[in-house]
Amino acid sequence: MNIRYRSTRSSGETVSSSYAILKGLADDGGLYVPTAFPKLDKTIVELAQMSYQQVAYEVMKLFLTDYTADELRYCIDHAYDDKFDVESIAALVKTGREYFLELYHGKTIAFKDHALSILPYLLTTAAKKNDVRNQIVILTATSGDTGKAALAGFADVPGTKIIVFYPKDGVSPVQEKQMVTQKGSNTFVVGIRGNFDDAQTGVKKMFGDRALGRELDENGFQFSSANSINIGRLVPQVVYYVYAYAMLVKNGEISSGDPINITVPTGNFGNILAAYYAKQIGMPFARLICASNKNNVLTDFFDTGRYDRNRKFYVTSSPSMDILVSSNLERLIYQIDGCDAVKTAEFMDSLSKTGIYAINDTMKRELECFYARFATEEETLAAIRDLYESTGYVIDTHTAVGASVYKKYAEDTGDRTPTLIASTASPFKFARSVMTAIKGDVTGYSETELIDMLSEVSGMEEPPAVLELKDAPVRHKTVCDIDEMEATVKSWLKIR
Ligand SMILES: *Cc1c(COP(=O)(O)O)cnc(C)c1O
């Protein structure tokens with residue numbers, strides 16, 4: 001099946017997968033979606049015999065149909081190599097009826113490495129295939145983890161430059177240090193005086209600005225995106241859900257065809273949408289459990305059918321989920337509304353003008369496979385402590401939001417279906433919060449001391465990603481206001 005892509009906001013022309021990856025966002029501001037969902041053409045039993053790389057090929061070839069087999073294998077083999085510290089690339093840990101799917105064994109110790117180690121290869125291959133002469137400028141807004149994973153992926157990749165905007169006071173100390181110490185002559189990191197939504201809105205505005213696009217083109221540049229709005233981010237994330245299911249079968253935990261639930265700590269709705277896509281291509285996933293922190297805009301949406309971003313923004317201990325506008329929800333809205341681009345565009349227009357849109361009952365019924373709840377700050381820390389005290393296993397704050405919401409789900413429904421919880425970051429990335437959960441008050445301890453303590457209680461070695469930060473020099477010091485983002489980009493590209 002030849003899968004093409006179209007914008008969620010206009011039903012016009014379709015584009016190839018490589019073109020969609022190259023563009024990131026469609027010209028009309030919509031997100032690229034596949035024109036149909038392909039079906040897995042390997043059985044689970046066959047997949048269970050495969051390596052991560054082989055499963056990646058089987059999944060990605062279904063979606064990225066204009067890449068040749070050689071091109072895809074090249075991208076996969078260069079992405080999923082010893083940059084990951086486990087041979088299986090993703091690891092499963094059983095703690096009870098639930099399984100944690102550790103997605104933090106890559107270079108920057110968050111799940112975003114899974115997509116961002118391959119995106120530079122997919123993108124540079126796409127540039128060749130589409131005869132692009134311009135330099136690709138990756139423009140990225142980050143709530144903490146995307147930024148570093150994208151920087152690490154694109155650093156010194158020929159033909160590319162990367163600019164990352166992060167909320168100056170909205171990321172963890174390790175996250176900030178990881179970004180501002182980034183090497184590479186083509187990298188640029190900017191703190192903004194605002195929150196993640198401000199950063200994301202500013203970036204989307206630049207993408208939609210045609211005059212700016214022309215100016216860039218005249219100077220030999222064009223924008224692309226490393227955010228999860230890029231379909232090249234989403235497709236590699238479908239892989240680990242398929243792989244994890246196959247591993248459960250291989251390990252005899254379930255039989256092929258048995259349903260499982262998936263719990264995902266959610267921010268921009270990318271990771272959970274990948275699980276939904278995996279379900280569409282044939283995985284027997286029952287409930288998709290959408291876990292939010294105190295910024296519970298998604299919980300309310302799934303409860304009421306009304307998306308309302310007009311609310312207080314909280315900075316929490318799970319900063320990568322501190323988001324009020326979950327971009328990838330647009331892809332789900334499009335899907336549950338019979339792929340009606342005109343109506344999706346109306347919803348998004350209403351969102352940008354009033355901060356609100358409401359779906360009808362027919363659309364709501366399409367959401368029955370989702371369950372959404374949120375965890376408070378206290379509940380999040382309690383989830384870390386309880387799991388540690390009962391099993392000795394330590395999870396990070398984001399994963400803890402997932403664990404806490406899963407517990408509510410199990411109590412609420414009595415459902416005993418085996419459940420996978422996406423473990424999205426290493427606890428070492430959020431040592432202060434994690435140690436507060438385990439030890440109580442830790443004020444007065446330095447970041448380094450906390451990391452040592454964490455290593456001791458968890459029995460886990462301090463990851464190189466954290467170790468190397470200790471004496472890494474700060475290389476990026478630029479800070480700007482929200483309305484200076486465009487000028488900052490132009491000045492770095494030396495466009496006048
Ligand atoms: C990005 C991130 C999330 C949220 O993922 P989305 O795809 O934005 O929903 C959750 N946890 C961690 C650690 C992250 O970095």
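Select Arg-331: leaving out residues up to four places away in sequence, it touches Thr-8, Leu-31, Tyr-32, Val-33, Ser-228, Ile-229, Asn-230, Ile-231, Leu-234, Leu-273 and Tyr-277 (contact means heavy atoms within 4.5 Å). This is a predicted model: local features need pLDDT of at least 70, side-chain atom pairs count only at pLDDT 80 or more, and totals for chains, interfaces and linings use all residues. Residues are numbered from 1 along each chain as its sequence is written, and side-chain values use heavy atoms, with hydrogens and water left out.

Stay on Arg-331. It sits in helix 14, residues 329-336 (helices are DSSP runs of H or I, at least four residues, numbered from the N terminus). Arg-331 is buried (under 20% relative accessible area, 1.4 Å probe, protein chains only). It has no salt bridge (a side-chain nitrogen of Lys or Arg within 4 Å of a carboxyl oxygen of Asp or Glu). The nearest side chain of opposite charge, Glu-330, is 8.3 Å away.

Now select helix 22, residues 485-492. Its buried residues include Met-485, Val-489 and Trp-492. Lys-494 follows helix 22, with a positive phi near 55 degrees.

Next, show the largest cavity, with a volume of about 260 Å³ (a cavity is a set of points on a 1 Å grid over the protein atoms alone where a 1.4 Å probe fits but cannot get out; lining residues have an atom within 4 Å of a point). How many residues line it? The lining has 23, and Phe-111, Lys-112, Gly-267, Asn-268 and Ser-320 lie nearest the centre. Finish on helix 12, which gives the largest share of that lining, 3 residues.

Conventions. Helices (H or I, at least four residues) and strands (E, at least two) are DSSP runs, numbered from the N terminus. Buried means under 20% relative accessible area, exposed over 50%, partly exposed in between (1.4 Å probe, protein chains only). Lys and Arg count as positive and Asp and Glu as negative; His and the chain ends are not counted. On a 1 Å grid over the protein atoms alone, a cavity is a set of points where a 1.4 Å probe fits but cannot get out, and a pocket is an open set with protein on both sides within 12 Å along at least five of seven lines; lining residues have an atom within 4 Å of a point. Grid points are joined across faces, edges and corners, and a volume is the space filled by probe spheres set on the points.
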